Amino acid sequence: MPSATVVGQALVSGLLMGGLYGLLALGLSLSWGLLRLVNLGYFAIAFLGAYLVYQMHVGWHLAPWWAAALVVPLFFCLGVAQHWVFLRFRVSELASLLVTFGFSVIVESGLQWYWTADYRRLETEYASASLRIGPLYVPVLDLAACVAAAVLAWGTWAWLRWTYVGKALRASAEDPDIAAAYGVDHKRLSYLLSGVCASYAGVAGAFIALISTLAPSQVWAWLGVVFAVVIIGRVGNPLGALVAGLLIGASESVAMAFMSPAWAPVISFSALIALLLWEPDWL
């Protein structure tokens, strides 16, 4: 039986990891819920962003935060271009899953070709910085990722709820014809949302570069659990994605403290299967 300190540290670490889950899930959740496109490419875009931040820091000696400031707008343009392809070829919801899976495979191959399959680590002077709260340690970078996830999730929720653009996007997702009859230009708004989703992947990528060891195969490492986060949090709900990410991250980490790391995916997928069988009204 682990001590209370070990369980508390596991809970803190799990919540912080859950924030990164929520950040990675944000773009997929919005794209799936409001654009009816299951864009798995955001995982590949996030890791492409992580490698770009790594390369700018190692090759150009650019601070990671400045590198992220370049990557995020670049990925906004990439998201817009990707959505243009979807509209041009009338990609359906199911087809988008397959198309973006193929896109992710291509990006992974590109990462492996340029950076090889070797593990890479972005070393910074604050990589191991932590705050001490009693007997517990809170890694500063993990905390920053969790705070960024919370700010973006809440900001996106407020944007969708209280602004004309957000209301128009939600109306178009519910009934595009009726929304168009009221003057909503869904096509233009969908470009904006696709760019925003890809930008969120860029933000997630910057934190992945700072927190994790990079390898091209990791594009698929978090796909399953983040996919579960999107569904449990309800697609199209940014706050739901964050809360689901925190719950799954904390559950996995506490399970690892009591049992072994091999049980971590069992927790997330058991929760997903239980909810799909239960079919609650909010799902």
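In this predicted model, Tyr51, Trp113, Tyr114 and Trp115 come together as one aromatic cluster. A search of the whole structure returns 10 aromatic pairs. Trp115 counts as buried because its relative accessibility is 7%, under the 20% cut-off.

Another edge-to-face pair is formed by Trp157 and Trp162, with 5.3 Å from centre to centre and 75° between the planes. How exposed are the two partners? Trp157, at 25% relative accessibility, counts as partly exposed, whereas Trp162, at 54%, counts as exposed. An aromatic ring also takes part in a contact with a charge: Arg88 lies over the face of Phe89, at 5.3 Å from the ring centre.

Helix α6 spans residues 164-174, and its buried residues are Gly166, Ala168, Leu169, Ser172 and Ala173. Because these residues cover an arc of only 165° around the axis, they fall on the same side of α6. Tyr164 and Glu174, by contrast, are exposed on the other side of the helix. And what does the buried side meet? The buried residues of α6 pack against α1 (4-35), α5 (140-162), α7 (176-181) and α8 (186-211).

Turning to the strands, β1 (residues 130-133) and β2 (residues 136-139) run antiparallel and are joined by 4 bridges. Across this pairing, Leu131 of β1 stands opposite Val138 in β2. The hairpin has 2 residues between its strands, and Gly134 takes a positive phi there, near 65°.

Leaving aside residues up to four places away in sequence, Ala244 touches Val229, Ile232 and Gly233. Ser217, on the other hand, is 27 residues from Ala244 in sequence, and the C-alpha atoms of Ala244 and Ser217 are 25 Å apart in space.

Key: Residues numbered from 1 in each chain as written. Predicted model: local features only at pLDDT ≥ 70, side-chain atom pairs only at ≥ 80, totals over all residues. Heavy atoms only, no water. Phe/Tyr/Trp six-rings, centres within 6.5 Å; stacked < 30°, edge-to-face > 60°. Buried < 20%, exposed > 50% of the residue type's maximum accessible area, 1.4 Å probe, protein only. Lys NZ or Arg CZ within 6 Å of the ring centre and 35° of its normal. Contact = heavy atoms within 4.5 Å. Pairing = 2+ DSSP bridges. Arc of directions from axis to C-beta.
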